[in-house]
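Here is a short briefing for a first look at this model. Have the sequence and the 3D view open as you read.

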Amino acid sequence: MSANPAPTTPEADQPTGSGPGFRIPRVPFWAQIVAGLVLGVLLGWLARSQDLGWLVTTLDEIGSLFVQLLKLAVAPLVFFAILVSITNLRQVNNAARLATRTLLWFMITSLIAVAIGLAIGLITNPGSGTGLTPKDGALSETKGSWIDFLTGIVPDNVITPFTELNVLQIVFMAAVAGIAALKLGEKAKPILTLSQSVLELLQKALWWVIRLAPIGTVGLIGYAIADYGWDLIGKYATFTADVYIGCALVMFGIYPLLLATAAKVSPLQFYKGAWPAIQLAFVSRSSVGTMPVTQKVTERLGVPKEYASFAVPFGATTKMDGCAAIYPALAAIFIAQIFDVQLGIGDYLLIAFVSVIGSAATAGLTGATVMLTLTLSTLGLPLEGVGLLMAIDPILDMMRTATNVAGQALVPVIVSAREKILDHDAYDSASASPLEAFGQDEVREAERKVTLPAPA
């Protein structure tokens with residue numbers, strides 16, 4: 001005769017103040033990030049005001065190590081994510097249609113973003129009254145041109161793109177491998193199984209790095225404040241405000257409008273679900289580093305996994321509304337005003353064209369220098385202008401990357417809703433942070449597969 005278990009009550013599950021049942025309250029991940037931001041600002045201010053060189057160095061090392069850990073997984077993560085995402089399309093009905101619609105919405109949102117960037121730049125004249133001169137600029141070590149962009153897609157060998165972290169070439173090789181695997185059919189199944197396993201391994205390892213984001217935030221924000229200081233930021237006040245305002249208008253104005261009209265879903269619910277990826281992008285400044293979380297939140301917003309596994313990696317390497325649309329538009333106007341170069345209607349149209357077509361040049365890495373040099377070289381503006389913006393770049397890159405990632409989650413939701421494959425029940429209930437539950441889905445799935453022995 002078995003004893004009946006005691007009934008479970010909500011009170012029984014609550015931690016008590018003492019005894020063996022006591023538990024330390026779990027701090028939400030978003031609160032950890034906010035705490036890291038506040039602590040980073042305070043330590044950065046302290047290091048600069050008290051001239052504490054050791055603290056500046058410590059903050060720099062902490063932030064740099066976090067970024068290095070993220071970058072460590074970038075090359076293999078991009079390769080296997082793109083390869084697997086392409087092969088997963090065979091499991092989706094109307095795969096070609098979905099891919100086309102995804103690319104179309106990427107272009108539409110990029111055009112809107114670059115138009116907002118141009119409008120803000122023309123209204124505020126960010127290069128006027130800064131006190132900066134052409135002499136303050138320095139020739140960029142990284143240069144981009146259309147010839148370099150087009151010829152740089154195809155690598156000389158299969159090793160160099162991984163060692164030099166040339167994401168565009170890695171994407172090219174992954175796409176070729178994915179298409180070849182589709183053509184081979186069953187013969188490629190062992191490779192696809194291995195690729196899927198490696199991808200899951202990389203995502204799990206990257207998750208461990210992501211959990212360090214609050215500590216990385218302290219170092220990145222603290223060093224930015226300690227090294228650059230408020231005086232330097234003041235020289236770029238208008239330009240910095242323009243970038244943040246432009247990104248905010250796109251993220252919290254245009255995106256909600258598209259969700260409400262094109263997708264006919266709740267914008268507020270989208271941000272409830274997507275916020276963990278957006279906040280991580282703000283801290284890490286890496287679309288690719290955030291990609292596993294972006295994919296997780298996109299799936300939890302009701303986008304089919306097979307489609308999300310294609311659209312999110314594709315977007316992480318090509319969908320850059322912050323870095324490749326708003327920022328180069330504003331930067332071109334800023335640099336033109338510093339160097340006293342007059343831009344015309346044709347130049348503005350050219351900026352829009354470069355932003356839409358050349359966005360893959362940013363390739364999801366921290367910073368948008370390649371995209372900026374591509375825009376400047378196309379317009380014939382001095383590349384020394386890049387040097388004017390390098391000092392302020394980390395501060396700008398946080399908001400740019402957050403906008404990038406928001407757009408990378410937005411488009412799959414819109415396409416899924418319009419193609420009637422969006423799970424609206426999942427969308428309406430998406431609220432749990434995948435940063436705190438990342439990997440628990442796999443645990444639950446494993447638990448379901450465990451067969452308990454029948455009692456004797």
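Just after H19, lysine 420 takes a positive phi of about 60 degrees. Helices here are DSSP runs of H or I with at least four residues, numbered from the N terminus. This is a predicted model, in which local features need pLDDT of at least 70, side-chain atom pairs count only at pLDDT 80 or more, and totals for chains, interfaces and linings use all residues. Residues are numbered from 1 along each chain as its sequence is written, and side-chain values use heavy atoms, without hydrogens or water.

**Helix H19**

- Helix H19 covers residues 393-418, and its 26 residues should span 38 Å at 1.5 Å a residue. The expected span is 1.5 Å times one less than the number of residues.
- The end C-alpha atoms of H19 are 37 Å apart, which agrees.
- Of the 26 residues in H19, 25 are buried. Buried means under 20% relative accessible area, exposed means over 50%, and partly exposed is in between (1.4 Å probe, protein chains only).

**Salt bridges**

- The whole structure holds six salt bridges. Each is a side-chain nitrogen of Lys or Arg within 4 Å of a carboxyl oxygen of Asp or Glu.
- One of them pairs arginine 101 with glutamate 419, with the closest N and O atoms 3.1 Å apart. Arginine 101 lies in helix H5 (residues 95-124) and glutamate 419 in the loop between H19 and helix H20 (424-429), so the pair ties together parts 318 residues apart in sequence.
- Arginine 101 is partly exposed at 28% relative accessibility, whereas glutamate 419 is buried at 18%.
- Arginine 285 bridges to aspartate 397, with the closest N and O atoms 3.3 Å apart. Arginine 285 sits in the loop between helix H12 (267-284) and helix H13 (287-300), and aspartate 397 in helix H19, 112 residues apart.
- Arginine 285 is buried at 13%, and aspartate 397 is buried at 0%.
- Arginine 400 also meets aspartate 397 in a salt bridge, at 2.7 Å from N to O. Both lie in H19, three residues apart, about one turn of the helix.
- An α-helix has 3.6 residues a turn, so residues three or four places apart point the same way.
- Arginine 400 is buried, with 0% relative accessibility. Shared partners join Arg285, Asp393, Asp397 and Arg400 into one network of salt bridges.

**Where H11 meets H15**

- The axes of helix H11 (residues 237-263) and helix H15 (residues 322-338) come within 10 Å and cross at roughly 145 degrees. Axes are lines fitted to C-alpha atoms over the stretch in contact, with angles from 0 to 180 degrees between N-to-C directions.
- Residues of H11 in the contact (heavy atoms within 4.5 Å) include Phe239, Val243 and Val250. From H15, Ile326, Leu330 and Phe334 are among those taking part.
- The contact residues divide into nine nonpolar, two polar and one charged.

**Other positive phi angles**

- Most residues other than glycine have a negative phi.
- Asparagine 125 has a positive phi near 50 degrees. Asparagine 125 lies in the loop between H5 and helix H6 (146-151) and is partly exposed at 33%.
- Lysine 264 has a positive phi of about 60 degrees. Lysine 264 is in the loop between H11 and H12 and is exposed at 65%.

How values were computed
Helix = DSSP H or I, 4+ residues; strand = E, 2+ residues; numbered from the N terminus. Nonpolar A, V, L, I, M, F, W, Y, C, P; charged D, E, K, R; others polar.
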